[in-house]
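Here is a quick tour of one model, taken pocket first. Have the sequence and the 3D view open while you read.

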Amino acid sequence: MGITANLFVNQKGSTTALKQPKEVGYYSRTQQEEYLLNDDVNLRYYYLPDSDLDKGVDLSAGVNKFRDVAAGFQDRCSLRGLLESVMDAEKKKNKKTVADIITFRGIMSKLIRTSMEPPTFNHVDLRIVSFDGQLFIKDVSDNNNKKTGEKPSTGNTNRQQLDTYSGYKFEGVSTLSQPLPFVERVVVEKRPKKILNNGDEYITVVRTGVSNCKMILGAEVDCIYDFKEEGKDNLKHYTELKCSKQISTTADVARFEKKLFRAWLQCFLVGVPRIIYGFRDDRYMLKTIEEFSTEEVPVILKANNPQLGQACLDSIKWYGLFAEWLLKIIPRDEENVDNIRAFSLVFENNHLRLAEIEESHPEYEQLVNGDTILSTEFRDWRKSLHQAESS
């Protein structure tokens with residue numbers, strides 16, 4: 001009988017001990033589903049002067065030309081780039097990365113929000129592989145789009161699709177592929193006409209953790225705010241871009257505060273210090289820009305909504321509780337690299353349900369011996385490290 005366990009999401013942890021996030025690598029993902037290690041070709045640079053707002057920026061323009069290339073990816077949630085980045089760092093030091101959990105920031109954010117949001121929002125469908133003393137977690141659901149889970153369509157568009165597209169459009173009109181001095185004026189001015197896609201991404205790889213749990217998290221980065229320091233940790237230069245409807249009613253305030261909490265959680269988990277919001281009207285015209293410091297968001301929320309302000313602290317405590325629970329329940333064999341075990345983690349009835357996937361399960365072979373989570377190259381590399389240590 002395999003391992004099974006439940007964790008009720010209304011429990012409160014006690015730990016608030018967090019490890020300072022540190023960037024340990026990065027890579028770019030292309031529209032062709034290629035992963036370019038130590039390549040910042042898809043890193044963007046923020047540039048949106050106030051004078052552009054006076055020109056009238058339509059955040060719905062081009063929605064029918066949007067290229068949803070990610071929908072055609074063979075594996076939208078692949079850990080390949082993240083594992084290649086980990087492997088690259090290990091080869092340079094000839095030493096295994098110190099970590100208990102290796103996954104993406106979005107997965108941890110989703111798990112934390114299970115304790116903060118109504119059950120209808122909590123679509124958690126994860127697979128976990130225990131290998132070489134570490135846990136590797138992958139999202140296997142189809143609803144993990146970075147903004148809302150809805151994909152812009154090239155057919156008739158509804159308001160929800162326009163809301164989603166406006167986020168991509170805001171990123172498109174407010175960023176450049178290089179720092180401003182290296183970009184021709186015509187390129188800057190033609191940004192509102194650029195056809196957008198959701199295939200190009202830049203991902204930072206961050207070492208962090210909570211309580212006694214050490215983590216490696218991959219996280220998409222929207223842009224650099226000012227400049228990049230070559231060969232150094234650039235977390236302090238990264239910025240999260242968001243787009244929202246203008247605030248004009250009490251209901252708008254409440255909705256925005258919830259959005260701001262989610263943005264804070266995204267940035268907080270990997271140490272991104274800045275959030276920039278573009279506010280649009282009902283016709284999707286960009287009206288104002290506002291910048292928030294990640295570390296000040298809990299203070300802002302607490303002053304206006306004490307309950308939501310408390311949620312920031314509670315989310316950290318839940319984060320620690322979950323991590324400790326997962327490490328306690330799932331065995332991690334550091335001695336035998338051939339001992340690989342697979343688990344599912346889903347949300348149901350106000351709890352997270354962990355269940356071991358046994359050999360008779362149809363997913364077992366691909367999870368344990370296939371490339372669903374761990375690549376053959378990564379498994380072979382770790383085995384070679386063990387062989388070198390024992391020789």
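## The second largest pocket

The second largest pocket holds about 650 Å³ of space. A pocket here is an open set of points on a 1 Å grid over the protein atoms alone, with protein on both sides within 12 Å along at least five of seven lines. Its volume is the space filled by probe spheres set on the points, which are joined across faces, edges and corners. Before going further: this is a predicted model, where local features need pLDDT of at least 70, side-chain atom pairs count only at pLDDT 80 or more, and totals for chains, interfaces and linings use all residues. Residues are numbered from 1 along each chain as its sequence is written, and side-chain values use heavy atoms, with hydrogens and water left out.

Lining residues are those with an atom within 4 Å of a point. This pocket has 26 of them, and V24, G25, A89, K93 and R207 lie nearest its centre. At least two lining residues come from each of β2 (18–29), α2 (80–93) and β10 (201–210), with α2 giving the largest share, seven residues. Helices (H or I, at least four residues) and strands (E, at least two) are DSSP runs, numbered from the N terminus. By class, the lining splits into 13 charged, seven nonpolar and six polar residues. Charged means Asp, Glu, Lys and Arg; nonpolar means Ala, Val, Leu, Ile, Met, Phe, Trp, Tyr, Cys and Pro; the others, Gly among them, are polar.

R105, A219, E220, V221, D222, Y238, T239, E240, V270 and V272 form the cavity lining. β11 (213–220) and β13 (238–245) each put in at least two residues, and β13 has the largest share with three. The lining comes to five nonpolar, four charged and one polar.

## Helices around α6

Helix α6 (residues 250–270) packs against helix α3 (residues 105–113) at about 130°, with the axes 10 Å apart. That makes α3 oblique to α6, and their crossing is right-handed. Against helix α7 (residues 297–304), α6 packs at about 155°, again with axes 10 Å apart. That pair is therefore roughly antiparallel, and the crossing is left-handed.

Axes are lines fitted to C-alpha atoms, for helices over the stretch in contact, and angles run from 0 to 180 degrees between N-to-C directions. Under 35 degrees counts as roughly parallel, over 145 as roughly antiparallel, 65 to 115 as roughly perpendicular and the rest as oblique. A crossing is left-handed if the near helix is turned anticlockwise from the far one by less than a right angle, and right-handed if clockwise.

## Two spots on α10

W381 sits in helix α10 and is buried at 13% relative accessible area. Its C-alpha is 9.9 Å from that of K96, 285 residues away along the chain. E389 is also in α10 (residues 376–390), but is exposed at 61%. Buried means under 20% relative accessible area, exposed over 50%, partly exposed in between (1.4 Å probe, protein chains only).

## Positive phi in two loops

Most residues other than glycine have a negative phi. E33, in the loop between β2 and β3 (35–37), has phi near 65° and is buried at 18%. S211, in the loop between β10 and β11, has phi near 55° and is buried at 12%.

Definitions and conventions. 1 Å grid on protein atoms, 1.4 Å probe; cavity = no way out; pocket = protein on both sides within 12 Å on 5 of 7 lines; lining within 4 Å.
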